[in-house]
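Look at the sequence and the model shown below. The paragraphs after them lead you through the structure.

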Amino acid sequence: MRCFRKRSTIPLVGVLVTFLLFVNLYIEDGYVLEENKRQLRESAIHQLNSERYVPTFKDLTNFSGTINVTYRYLAGSPLPRKKYLTIGLSSVKRKRGNYLMETIKSIFDQSSYEELKEIVVVVHLADFDLGWCESLVQDISRKFAHHIIAGRLLVIHAPEEYYPSLDGLKRNYNDPEDRVRFRSKQNVDYAFLINFCTNLSDFYMMLEDDVRCSKNFLTAMKKVITSRAGSYWVMLEFSKLGYIGKLYHSKDLPRLAHFLLMFYQEMPCDWLLIHFRGLLAQKDVIRFKPSLFQHMGYYSSYKGAENKLKDDDFEEDTVDIPDNPPASLHTNINVFENYDATKAYSSVDEYFWGKAPSTGDFFVIVFYKPTRISKIKIVTGTDDRQNDILHHGALEVGEKLIGTKKGKQCSSYITLGEFRNGNIEVQNVDHKISFDIECVRIVVTAGQKEWLIIRSISLWTTQPTGQ
């Protein structure tokens, strides 16, 4: 298990090269000259540096299709009916510790009978030691036989001959040769796993093989997905660690598999996932709290090194996850530097920070479509700036959206409550309000000399009326 660590910024030239190569994912014959397309392909082929892989690499000219790999089915086989969610895990032999069995058990144990009907777990045993693979498959088959028979668990293996060369790789970031080999192979492992999962379900979630799940995680994820209906996203995140709990539309998997394979030796997988998200025009992280997955392994799959990293946002026994629906945010409070309004609504560790507000100042959230809200929770101030709270304010919800010179606003509001000690939480909003909400507004009811931090705005939605 590895997770994101800050390193030196990738040189601009490298980013441009990555972008130009990835543009090929969208190229159609009418848009660029054949000579330009040929040069892009030749550059990518040279990058792969593998004669034995060239026949398979020809398939990359069609980025909407799957990669031509003949997989070995070690346990189970796909069912004809597509499921709602595929959960993908890739596992290799570890020098110390093995957590795969516990991870599979956690996935199934933390799911209800109804949730189990909607998931399929695919395990890619990606080690070239076939004896180890066969031994582990026997253990999996004994312990999870009923899940295999029900089509909920598949175990696969991509033969070594389909892998690109893992020798003489680029030593980016001054990583030692064995680490470059490890992370490069890991990229290919995931590419082949993702490629296999393309047509199994509507959504795909990436996990690692040393993870513990929260109870009823699928129900929490479905709630979030429903709340994002109609909005554009590439990757939703349900953990802040590495490539744990990263959710994709299955329709994007062929491109993601090709992308990981094309740049397998450039950088670690979690970095590539960030580039992929950005190149598909999702600029910001969309991450939800509490985290639904926790890293439980003590030893890394790389050399058995110790890895004690934990996600402090993880909660095992809750599905009470806020699912802030897509919205635009604006305020007339004077914003300090780049602590803009959207950061209060973000799921990452950011916040809005404005200069001392006056009576009548506002902070408003305008939903892209009318929404039913069950709960609203707003926290102001931070641990190190406990005076930068909203000392006097009210929470309102509105309807009847109209256009103004300053953008869309609601013309009618109802007050839900007053802030106390800088915070407010209102339950059962959908029982108190008869209309579908179009705006949520924070109003300053008395000026203050202190600045204002809005640390988090958390909303819980219900099904819209009429559904």
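How many cavities of 30 Å³ or more does the structure hold? The structure holds one. A cavity here is a set of points, on a 1 Å grid over the protein atoms alone, where a 1.4 Å probe fits but cannot get out; lining residues have an atom within 4 Å of a point. Grid points are joined across faces, edges and corners, and a volume is the space filled by probe spheres set on the points.

This is a predicted model: local features need pLDDT of at least 70, side-chain atom pairs count only at pLDDT 80 or more, and totals for chains, interfaces and linings use all residues. Residues are numbered from 1 along each chain as its sequence is written, and side-chain values use heavy atoms, with hydrogens and water left out.

Back to the cavity. The largest cavity has about 60 Å³ of space. Its lining includes Ser-77, Pro-78, Leu-79, Arg-81 and Lys-83. Val-120, Gly-151, Leu-154 and Leu-200 also line it. By class, the lining has five nonpolar, two polar and two charged residues. Ala, Val, Leu, Ile, Met, Phe, Trp, Tyr, Cys and Pro count as nonpolar, Asp, Glu, Lys and Arg as charged, and the others, Gly among them, as polar.

Now the whole protein. It has 13 helices and 17 strands. These are DSSP runs, numbered from the N terminus: helices are H or I with at least four residues, strands are E with at least two. Of the 467 residues, 57% are buried. Buried means under 20% relative accessible area, exposed over 50%, and partly exposed in between (1.4 Å probe, protein chains only). The protein exposes about 21200 Å², and carbon and sulfur atoms supply 50% of that area. Accessible areas come from the Shrake-Rupley method with a 1.4 Å probe; for residues, only the protein chains shown count as cover.

Next, an open sheet. Its seven strands have the order β1-β4-β3-β2-β5-β8-β7, with mixed pairing. At the edges stand β1 (72–75) and β7 (236–237), each with a single partner strand, so one side of each has no neighbour in the sheet. Two strands pair if DSSP finds at least two bridges between them. Strands β2 (residues 83–91) and β3 (residues 119–125) run parallel, joined by seven bridges. There, Ser-91 has Leu-125 in β3 as its bridge partner.

Turn to strand β16 (residues 437–444). Seven of its eight residues are buried, so the rest of the structure largely encloses it. Strand β12 (residues 362–380) runs antiparallel to β16, and six bridges join them. Thr-371 stands opposite Ile-437 in β16. Strand β13 (residues 393–404) also pairs with β16 in the antiparallel sense, over six bridges. Here Val-397 stands opposite Val-440 in β16.

Ser-374 is buried, with a relative accessible area of 19%. Leaving out residues up to four places away in sequence, Ser-374 touches Asn-428, Trp-460 and Thr-462, among others. Contact means heavy atoms within 4.5 Å.

Asn-428 lies in the loop between β15 and α13 (429–432). Asn-428 has a positive phi of about 55° although it is not a glycine. Most residues other than glycine have a negative phi. At 42% relative accessibility, Asn-428 is partly exposed. Asn-421 also has a positive phi of about 55°. Asn-421 sits in the loop between β14 (407–418) and β15 (423–426), and is exposed at 71% relative accessible area.

Definitions and conventions. 1 Å grid on protein atoms, 1.4 Å probe; cavity = no way out; pocket = protein on both sides within 12 Å on 5 of 7 lines; lining within 4 Å.
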